[in-house]
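Visitor: I would like to go through this structure with you and ask, term by term, what each description rests on.

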Amino acid sequence: MRKSGEPALDIACEVNGRPVEARVPVRRSLVDWLRHDLGLTGSHVGCEHGVCGACHVVVDDKVVRGCLMLAVQADGRSVRTIEQADASPVVRALQDAFYERAALQCGYCTPGMILQAAELLAASPAPDRAEIREALSGNYCRCTGYHAIVDAVETAARRLRGG
Ligand code: FES
Ligand code: FES
């Protein structure tokens with residue numbers, strides 16, 4: 001929702017494979033725009049200061065913090081959220097493994113964890129536990145599920161390698 005008189009810009013981008021055109025308040029964060037204007041509530045807002053990773057989304061194939069990027073900066077770019085209809089095999093494998101290994105409790109951190117882990121597995125298909133922890137070090141889980149989360153990422157990686 002835009003307050004009258006608030007500075008805004010027109011943007012055109014792709015969100016989860018679909019073209020989107022919108023007038024966006026210049027101070028609106030990307031994650032707020034996705035959640036409140038587009039109804040994509042899978043990305044969560046935790047700290048709003050770039051610390052917790054709950055707001056992770058993928059912009060032009062790179063994981064970014066949606067609270068630190070303005071929606072107007074998405075102009076001309078491709079944005080993917082955890083709701084992407086054509087989730088990659090990596091994302092699907094991670095979602096299955098998180099479920100099976102009980103790697104979520106409240107689930108608030110889970111979308112950000114999965115998008116970050118997917119980026120790791122794309123670059124490093126056989127990460128060791130230290131590498132997984134390093135990759136997820138910018139994602140906070142308030143339920144302290146870290147061991148199970150590392151287990152789940154290991155499990156998904158093994159399956160994706162055919163093991
Ligand atoms: S809400 Fe963006 S990093 Fe915490
Ligand atoms: S499962 Fe609750 S914050 Fe991680």
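Visitor: Why does the radius of gyration of the protein agree with that of a compact globule?

Guide: This is a predicted model, in which local features need pLDDT of at least 70, side-chain atom pairs count only at pLDDT 80 or more, and totals for chains, interfaces and linings use all residues. Residues are numbered from 1 along each chain as its sequence is written, chains are lettered from A and ligands numbered from 1 in the order written, and side-chain values use heavy atoms, without hydrogens and water. The radius, taken over C-alpha atoms, is set against a rule of 2.2 Å times the number of residues to the power 0.38; for 163 residues a compact globule would come near 15 Å, and the protein has 16 Å, so the two agree. The C-alpha trace spans about 55 × 30 × 20 Å along its principal axes.

Visitor: What makes Val 51 partly exposed?

Guide: Buried means under 20% relative accessible area and exposed over 50%, with partly exposed in between (1.4 Å probe, protein chains only); Val 51 has 37%, and is therefore partly exposed. By the buried cut-off, 47% of the 163 residues count as buried.

Visitor: Where is Val 51 placed?

Guide: Val 51 lies in the loop between helix 1 (30–37) and strand 3 (56–59), where helices (H or I, at least four residues) and strands (E, at least two) are DSSP runs numbered from the N terminus. The protein has five helices and five strands, in the order β-β-α-β-β-β-α-α-α-α.
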